[in-house]
Amino acid sequence: MTETAPATNGTHNIANSDGVIAQANGSPATYSAPSRVTLHLGHLPSKKDIKAPWPRTPSRVDPNNPPWPAYRGYHEYSFAHATMGVRLPTILGKAIDDASRTLNEQSAEDKIVDLVECLERMDALMADLSGNAKLRPIVDDGEGDVALWNKEIAKYFQGKDFMNAPWLFAEAYKYRRLHECFSVSKYWKDYDVFYRQKCDTFSRSTDAVFELSMRFADPFKQSENMSDKEKAESERLMFLELTQVCLWGNSTDLSLLINMTEEQIKSLQSTGGDHLAATEKNILGNHLNQLWETVKVLREKTGGRIDFVLDNAGFELYCDFVYADFLIQTGLAKQIRFHGKRYPWFVSDVTRKDWDWLLNTMVYGHLFPKASEVERESLRRLGARWKQYEKDGRWQYEQHPFWCTGYTFWDLHSEAPDLFLHLSRSDLVYFKGDLNHRKLTYDCAAPASIPFDVAIGPMANAAGAPKICSLRTIKSDVVVGLGDDGDAIAERLNKEEPGWKISGKFAVVLLSEGRPGEKVRFA
């Protein structure tokens, strides 16, 4: 391609594709930068704002290349930057303080020496995190997820560091390395550096705990004087309110409540009816009514199995239990499976120890010294009923290794086919909280208008994919499922409520119909 440009001697120069200027009158060529011609395109159609529905095709998606651009620690505009640069070092510093406190309580030399070595490994992790070190393989500590971790690092993250790997993977990797600090020890393999925090936060949740226990201590019964229509409507309204209790219980996330006061925690945990009515307007993607239509028919089925992929321990788990109790009592579910973590994860995620502690504290504990005897009795009754559910198999706790890997749930079908097959047999799977939502959606910069079932990929479109409901208070950058006007809603909130994506003030209740009943197939 060539273009003409005026020469200083009044002739026209011709710029060839190499940028060499040759004079048109045949004189010797001279070399200079070509000038540019400006075209005025006023009569052409205006440019359109075209949003690609799928920037990366499914065959090109991998952990380092999500369907839409990944959030990475060096992105200063995102919450990823604050997390990797400030929050994670702060959380690790508190974990070191906790282990040091435990060290000072020991008397046996062999245990002391063993814990000192754990602390030295934690110091090395802090140096790696602060110095933005390359991501090394996980040491073989006997956990069932080692091969999955090292396979993913080798295939997708060779040479990556904490800041340029996708935020979701780098953050998960930090918690796996923290577990490794203890899992290779002799005496401290199962030590939970966050256990004190989790227990303390629940003990400070007095008002919200008794708000619920005083209402639900006795088994749920409807008045005999009500018509069938009135009973159905009463059940619907209670389901919607308890779904909100379960949703907003997620406001208590210890990894985010680094320095909150007790009053601020109480505000987040308010569960009164007036508060719930006021907060429903903050559910930006709201499939509550569709969710009820899905759940109400389960009673007529022979299965009636519902699964909860759990998020936070303490008060949120307590809210999950209240919700699950209602589902069992009303016959909407006959069996509930709870999926927790095998070891401490993202500060406040539920482990088996957290599960047992909550139930036993409710029945036997003295956690609330200022509570009345009536209030304590209400808590004991609730705890006793829930422990009975566990004994007779209506509630079951499970902990698959996949939940503590760096993979998103787009890879659950390929990397944990046994777990996918297990979930496919559920009538409905609730994914609780922000982290599970990030893993469902690949934690990438998808437009807010993208439908939820598109954003979760194989968890919606693979044969046999179960019905899925994400209950999530929004605490990080990824937001999807807000409808056709979702992009405009997000832009408006960016202007009117800076920080709305991390405040926990807004939420989504999103439902995917999946492909239940189809035969699960693996490549």
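Which elements cover the buried residues of helix α15? The cover includes the strands β5 (305–309), β6 (335–339), β7 (395–398) and β8 (428–432), together with α14 (412–415) and α18 (458–461). The buried residues of α15 (residues 417–424) are Leu 419, Phe 420, His 422, Leu 423 and Ser 424. Here, buried means under 20% relative accessible area, exposed means over 50%, and partly exposed lies in between, with a 1.4 Å probe and protein chains only. Contact means heavy atoms within 4.5 Å.

The model is predicted: local features need pLDDT of at least 70, side-chain atom pairs count only at pLDDT 80 or more, and totals for chains, interfaces and linings use all residues. Residues are numbered from 1 along each chain as its sequence is written, and side-chain values use heavy atoms, with hydrogens and water left out.

**Overall composition**

The protein chain holds 19 helices and ten strands. Helices (H or I, at least four residues) and strands (E, at least two) are DSSP runs, numbered from the N terminus. Of its 523 residues, 53% count as buried. Among contacts in the chain with a separation of 6 or more, 78% are between residues 24 or more positions apart.

**Nonpolar cores**

A nonpolar core is a set of buried Ala, Val, Leu, Ile, Met, Phe, Trp, Tyr and Cys residues joined through side-chain atoms within 4.5 Å. The largest such core has 89 residues, of which Met 122 and Phe 182 touch the most other members. Apart from that core lies another, of 60 residues, which includes Phe 239, Leu 310, Trp 355 and Leu 382.

With neighbours within four places in sequence left aside, Phe 182 contacts Ala 99, Leu 115, Cys 118, Met 122, Trp 188, Lys 189, Tyr 191 and Val 193. Under the same exclusion of neighbours within four places, Thr 102 touches Leu 115, Trp 188, Tyr 191 and Arg 196. Thr 102 belongs to helix α1 (residues 79–104) and counts as buried because its relative accessibility is 5%. Its C-alpha atom is separated by 9.4 Å from that of Ile 112, ten residues along the chain.

**Helix packing**

Helix α11 (residues 315–329) packs against helix α13 (residues 373–391) at an angle of about 65 degrees, the axes being 11 Å apart. Axes are lines fitted to C-alpha atoms, for helices over the stretch in contact, and angles run from 0 to 180 degrees between N-to-C directions. On the α11 side, Tyr 318, Phe 321, Val 322, Asp 325, Ile 328 and Gln 329 make the contact; α13 supplies Leu 379, Leu 382, Arg 385, Trp 386 and Tyr 389. Helix α11 is also part of the cover over the buried residues of α5, as are α6 (206–216) and α12. Those buried residues of α5 (residues 195–203) are Lys 198, Cys 199, Thr 201, Phe 202 and Ser 203.

| Residue | Partner | Distance |
|---|---|---|
| Ser 476 | Arg 472 | 3.3 Å |
| Asn 312 | Asp 311 | 3.3 Å |
| Asn 312 | Glu 316 | 2.9 Å |

Asn 312 lies in the loop between β5 and α11, and counts as buried because its relative accessibility is 1%. Ser 476 is located in the loop between β9 (468–473) and α19 (486–496), where its 1% relative accessibility classes it as buried. Beyond neighbours within four places in sequence, Ser 476 contacts Phe 79, Trp 167, Asp 434, Arg 438, Lys 501 and Ile 502.

**Positive phi values**

Most residues other than glycine have a negative phi. Asn 132, which is not a glycine, has a positive phi of about 55 degrees. Asn 132 occupies the loop between α2 (109–130) and α3 and is partly exposed, with a relative accessible area of 26%. Phe 346 likewise has a positive phi, near 45 degrees, in a residue other than glycine. Phe 346 sits in the loop between β6 and α12 (352–364), and its relative accessibility of 6% makes it buried.

Terms used: Polar contact = N/O pair within 3.5 Å; in protein donor to acceptor, adjacent residues only side chain to side chain.
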